Amino acid sequence: ALSGTHLLSLAQNHGCPVGRACALLSLALDLVRNQGMYQGSLKDPHNFVYTVIVTAQDLISNWISSKPNWSPFWDLLTTEWPLWELLGELSCHSSDVECS
């Protein structure tokens, strides 16, 4: 059910790339936590969850490169979108190590 909500948010194509990236990261976290999918790694580029995370990264990277100055970096550090929380949660998932 959560995955559908995140996909709907992406389909609406809101203008904010950070919001779209957060929707993708939320989708990835839902797939790992609730659907039991394995997150994958850099050595597994065909893993769906990994692909969703890389797509979020690409959205942010493209947005940053479209700006002529450092303001996007400040915006990322101060955003109200849960970008950092989602990345932290995703970093805690491993097939071998429990997150404390």
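This is a predicted model: local features need pLDDT of at least 70, side-chain atom pairs count only at pLDDT 80 or more; totals for chains, interfaces and linings use all residues.
Residues are numbered from 1 along each chain as its sequence is written, and side-chain values use heavy atoms, with hydrogens and water left out.

**The chain**

The protein chain has five helices and zero strands. Helices (H or I, at least four residues) and strands (E, at least two) are DSSP runs, numbered from the N terminus.

| Property of the protein chain | Value |
|---|---|
| Buried residues (under 20% relative accessible area) | 35% of 100 residues |
| Contacts (heavy atoms within 4.5 Å) with a separation of 6 or more that join residues 24 or more positions apart | 55% |

**Helix H2**

H2 covers residues 17-33. Of its 17 residues, 16 are buried. At 1.5 Å a residue, H2 should span 24 Å, and its end C-alpha atoms are 24 Å apart, which agrees. The expected span is 1.5 Å times one less than the number of residues.

**Asn 47**

Asn 47 lies in the loop between H2 and helix H3 (48-65). Asn 47 is buried, with a relative accessible area of 12%. Its side chain reaches the backbone nitrogen of Tyr 50 at 2.9 Å. Leaving aside neighbours within four places in sequence, Asn 47 is in contact with Tyr 38, Gln 39 and Gly 40.

Notes
Buried means under 20% relative accessible area, exposed over 50%, partly exposed in between (1.4 Å probe, protein chains only). A polar contact is a pair of N or O atoms within 3.5 Å; within protein, one must be able to donate a hydrogen and the other to accept it, and residues adjacent in sequence count only if both atoms are side-chain atoms.
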